Amino acid sequence: MAQHTLEVIVENSPGVLARVAGLFARRAYNIERLSVGPTSNPETSKMDIVVNLDGHALEQVIAQLDKLINVIAIKEILPDSPQPTIHDTQPDYQN
Amino acid sequence: MSGMSGASALVASLEAAGVDVMFGIPGGAILPAYDPIFSSSIRHILVRHEQGAGHAATGYAQVTGRVGVCIATSGPGATNLVTPLADAAMDSVPVVAITGQVPTAAIGTDAFQEADIRGITMPFAKHNYLVTDPDDIPRAIAEAFYIASTGRPGPVLVDIAKDALQKMTNFKYPTSVSLKGYQPKDLPDAQGVLDAADLIAHSHKPVFYVGGGVIKAEASRELLELAQLLGAPVVTTLMARGAFPDSHPLHFGMPGMHGTVAAVTALQKADLLITLGARFDDRVTGKLSTFAVNAKVIHADIDPAEIGKNRFADVAVLGDLKHTIAALIPALARALSKNRPDLTPWLQQMNALKASYPLGYDLPKDGALLPQYVIERLGKISGPQTIFAAGVGQHQMWASQFLSFEHPRTWLNSGGLGTMGYAVPAAMGAKVGAPDTTVWAIDGDGCFQMTNQELVTCALNNIPIKVAIINNDSLGMVRQWQTLFYEGRYSNTDLESKRVPNFPMLAEAMGCVGLSCDRPEDVDTTIEKAMSINNQPVVVDFRVHRDAMVWPMVAAGTSNDDIMIARETAPDWDSQEL
């Protein structure tokens, strides 16, 4: 199974990390690596989440993450590309 | 702009959000809010347990389509709301819960009546807030109502620290709500609708698999038109009972663990599932790998995370079902004008099954009272406009099977979470939302003993609901599983409810009329007597046979192909052409 990196832009508000971490825990998904940092916009933060998931399971994680109200955008950085390909999932996962 | 306390801003915000009624109990941390509530236009109904407030808000919301509101204090007040909020989440009900929190400076100190209710509700609430600044109250309330009622509806909790209620603020209610991370998609993509129409026009065994989303979206009329346009079988899940008229010849009943043979088989043998606001719940699919193996799937839903969650969707249509079905009608008409499959053989097969295996029960020779008979008579005598709320267990399944539903929002039950004790408080909320409609709670003797205290609330607040206790002396559904799967070892399912408590006396003590009935020949007159009392809640103790079982049944974890119509009795498949 390939590792995928999700770049998640979230509102910079208390409890957001707990919401994201809790979602992974209760849906029984494992987080391989997680880092959280600021963005140029003080109202948002960026989470880089590395998961060992593919295909259907990965789509579910993205869809469930996007249901969190504090999650603004999710970008999936595709593995094994010479240049990381970024596709913005937001139009497909609006709710 | 005007200067007022955070508490006054809260109540003014609730008024601005259009709230006309809320259910709750005061306590220390929420106390500042109860002062402006005292002089507000909002009707506050003082319940006897916070769980009752939560289910009442749910019942109100299910009947009216509006947001139900409940309010409680910090700590135990808030944690008592956990079950109804989890319940509302599983059944996609728009509810806003307001809770008091200990003062900001005390948060995190294990203060008296402190509980991290935001953290506790995080896994299931659609969203939640902890407000510590009075200036943030109006925005939090406006967002909570917006989030609860749009997209896939759900519960939102707003936890407000006591000092935020006490401090002064300038009240200004937001004129609009905009959330970067939440933009529900109402209108379906045109291409998805065209693909769905095309797939339908090329299917030979299509079935409308209708879920509760159709009721949430107020799309029953559109569904009727679409179903008649195609002329295909319709099945309605436990949450969708009433979304399509039971009396319609295209209706084949409820699918799932206790569904009709026709509905279960229609899904199993279909070549196309037209899934509308349903979520492939395990109680419907049985063993997922054997569910509808030859069917392609159209999945129309407002929640993108439901697409492909349990079952792959060949065509997904995201959007509000009212818009989706309305768009599908002309698209399908065009597709059918090019290619109209002959569905006659398919309908003939399903009608043969419907005729061979109707829902039914055998009357016992000893003259004992059967629960199915009581429920059937309740439906017949009270009529199709009546609102029914059920608890969870055998009586719930019999109610779904033997009542006849003709209209949406007339059937309330805890479908997803399976919350015993849902019926009485949900019926209370329903009656508040629809005061001119007869509301019956059909409850089990186990369920009734969990939440009957709200009958006091009903008696004191002129909420004349009617309760039919289907008293089989036991935790009936668990007992049924013990009969079938545990060699009849009835561990802790004997409630002795025919001995203690005396339900009619308990009802009388709570300010209700208490009746009882234990003979089939008295059922009609007892129901008619209950129907004639409209100035007080009525409780009828129907003392029924304890060994009645719910059939048909697909045992948990088995395939829908293995549906049983009675103990060790499968349908006679050889005589059916499928």
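Predicted model: local features only at pLDDT ≥ 70, side-chain atom pairs only at ≥ 80, totals over all residues.
Visitor: In what order do the elements of chain A run?

Guide: Helices (H or I, at least four residues) and strands (E, at least two) are DSSP runs, numbered from the N terminus. Chain A has two helices and five strands. From the N terminus on, they run β-α-β-β-α-β-β.

Visitor: How much of chain A is buried?

Guide: Buried means under 20% relative accessible area, exposed over 50%, and partly exposed in between (1.4 Å probe, protein chains only). Of the 95 residues in chain A, the buried share is 41%.

Visitor: Okay, on to the interface. What area is buried between chain A and chain B?

Guide: Contact here is heavy atoms within 4.5 Å, and 23 residues from chain A and 24 residues from chain B take part. Buried area is the accessible area (1.4 Å probe) that two parts lose on being put together, summed over both. Carbon and sulfur atoms give 49% of a total of about 1900 Å².

Visitor: Which residues form the salt bridge between Asp303(B) and chain A, and how far apart are the closest N and O atoms?

Guide: A salt bridge is a side-chain nitrogen of Lys or Arg within 4 Å of a carboxyl oxygen of Asp or Glu. The rule finds one across the interface of chain A and chain B. It pairs Asp303(B) with Lys67(A), and the closest N and O atoms are 2.6 Å apart.

Visitor: And which element gives the largest share of the side of chain A that touches chain B?

Guide: α1 (16–26), α2 (55–67) and β4 (71–77) of chain A each supply at least two residues of that side. The largest share is six residues, and it comes from α2(A).

Visitor: Back to Asp303(B): is this residue buried or exposed?

Guide: Asp303(B) sits in the loop between β12 (296–301) and β13 (315–318) of chain B. Its relative accessible area is 1%, so Asp303(B) is buried.

Visitor: Which residue of chain B meets Asp303(B) in a salt bridge?

Guide: The partner lies in the loop between α7 (137–149) and β7 of chain B, 151 residues apart from Asp303(B). The N to O distance is 2.8 Å, and the residue is Arg152(B).

Visitor: Which residues do salt bridges that share partners join into one network?

Guide: Over all chains, the structure holds 21 salt bridges. One of them links Lys309(B) and Glu306(B), with the closest N and O atoms 3.2 Å apart. Glu496(B) and Arg499(B) form another salt bridge, at 2.6 Å. The network brings together Lys67(A), Arg152(B), Asp303(B), Glu306(B) and Lys309(B).

Visitor: What about the largest nonpolar core: which residues touch the most other members?

Guide: A nonpolar core is a set of buried Ala, Val, Leu, Ile, Met, Phe, Trp, Tyr and Cys residues joined through side-chain atoms within 4.5 Å. Among the 67 residues in the largest one, those touching the most other members are Phe208(B), Leu230(B), Leu273(B) and Leu276(B).

Visitor: And which helix gives the most to this core?

Guide: Leu230(B), one of the residues that touch the most other members, is in contact with residues including Ile200(B), Phe208(B), Leu332(B) and Leu336(B). The helix spans residues 321–338 of chain B and gives eight residues, and its name is α14.

Visitor: Why is helix α5 of chain B largely enclosed by the rest of the structure?

Guide: Its buried residues pack against α3 (50–64), α4 (76–79), β5 (95–101), α6 (117–121) and β7 (155–161) of chain B. Val82(B), Leu85(B) and Ala89(B) are among the buried ones. The helix is largely enclosed because the buried residues number seven of the nine.

Visitor: Last one: which side chain makes a polar contact with the side chain of His44(B)?

Guide: A polar contact is a pair of N or O atoms within 3.5 Å; within protein, one must be able to donate a hydrogen and the other to accept it, and residues adjacent in sequence count only if both atoms are side-chain atoms. His44(B) lies in strand β3 (residues 43–46) of chain B. At 2.6 Å, the partner is Tyr34(B).

How values were computed
Residues numbered from 1 in each chain as written. Chains lettered and ligands numbered in written order. Heavy atoms only, no water. Lists of a residue's contacts leave out its neighbours within four places in sequence.
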